[in-house]
Amino acid sequence: MFDLISRYDTQLLDAFRTTVELTALSAVCALIIGTVVAAMRVSPVPVARWIGSAYVTVFRNTPLTLILVFCSLGLQNTLQINLASGPNALVQNNFRWALVGLSVYTASFVCESLRAGINTVPLGQSEAGRSLGFTFGQNLRMVVLPQAFRSVVAPLGSVLIALTKNSTIASAIGVHEAAYLMASMNETEAQVLVIGAIFAFGFVLLTLPTGLVFGWLARRFEVAR
């Protein structure tokens, strides 16, 4: 095992760095999109609620592989929508379209987690905000969302862990992350079980601290009822 790691040390570091970058950027984008969609789902405007519900229904029930392949083959190759240019355009386009696919897919789960948190906020809190003259947006931003986020720290941690594991599907469209390297190593090395153990351990190192940190944050910011 250690001989295998020493031979692929540079590639392993690069692959897991790409996985971390893809996960981190997708998490930020998914949090922003998911928050906007959650606001639309609880909006007093019927059209906004319909759009939010349609977004969650479509993306939550569509396989992630299909979304990524659609981004790569449909938007990039067929419609020629490129998100990067230059000598390294192919690699950058693959990475950025994987980022788009992971973000819009994960945002649907962020939205539902956050909407559950919004539902835990007592109705009197919103009524108090309206009595002070807050608009819907102000009430949501200053009264409801801060409390909702505190209620869903643990579920959002689970979404982030799932996103870390889902990033392996980006290898289907040529992103050189951990799963892509593992497939390449399996083609050239006979130690399939050892290779699998190395990458399994690598993902445990990525996800275990995440679970511990979000578990601590959930206890730290837990809302007393």
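Is Leu 64 buried or exposed? Leu 64 has a relative accessibility of 5% and therefore counts as buried, where buried means under 20% relative accessible area, exposed means over 50%, and partly exposed lies in between (1.4 Å probe, protein chains only). This is a predicted model, in which local features need pLDDT of at least 70 and side-chain atom pairs count only at pLDDT 80 or more, while totals for chains, interfaces and linings use all residues. Residues are numbered from 1 along each chain as its sequence is written, and side-chain values use heavy atoms, with hydrogens and water left out.

Leu 64 belongs to helix H4, helices here being DSSP runs of H or I with at least four residues, and strands runs of E with at least two, numbered from the N terminus. Apart from neighbours within four places in sequence, Leu 64 is in contact (heavy atoms within 4.5 Å) with Gly 101, Leu 102, Tyr 105, Asn 166 and Ile 169. Ser 26, in helix H2 (residues 9-41), is also buried, because its relative accessible area is 0%. When residues up to four places away in sequence are set aside, Ser 26 touches Leu 99, Leu 102, Ser 103 and Leu 163.

Gln 80 sits in the loop between helix H4 (64-78) and helix H5 (89-120), and with a relative accessibility of 53% it counts as exposed. Its phi is positive, about 60°, although Gln 80 is not a glycine; most residues other than glycine have a negative phi.

Turning to helix packing, helix H6 (residues 123-131) and helix H7 (residues 136-151) pack at an angle of about 160°, with their axes 10 Å apart; the axes are lines fitted to C-alpha atoms over the stretch in contact, and angles run from 0 to 180 degrees between N-to-C directions. H6 and H7 are therefore roughly antiparallel to each other, a term for angles over 145 degrees. In this pairing, Gln 125, Ser 126, Gly 129 and Arg 130 of H6 meet Asn 139, Val 143, Val 144 and Gln 147 of H7.

Finally, an unreviewed UniProt entry carries the annotation "transmembrane region" for residues 22-42, 54-75 and 192-218, and such annotations may be inferred rather than shown by experiment. In the model, residues 22-42 are 95% helix and 0% strand, with their end C-alpha atoms 30 Å apart, whereas residues 54-75 are 86% helix and 0% strand, with their end C-alpha atoms 21 Å apart.

Note on methods:
Parallel < 35°, antiparallel > 145°, perpendicular 65-115°, else oblique.
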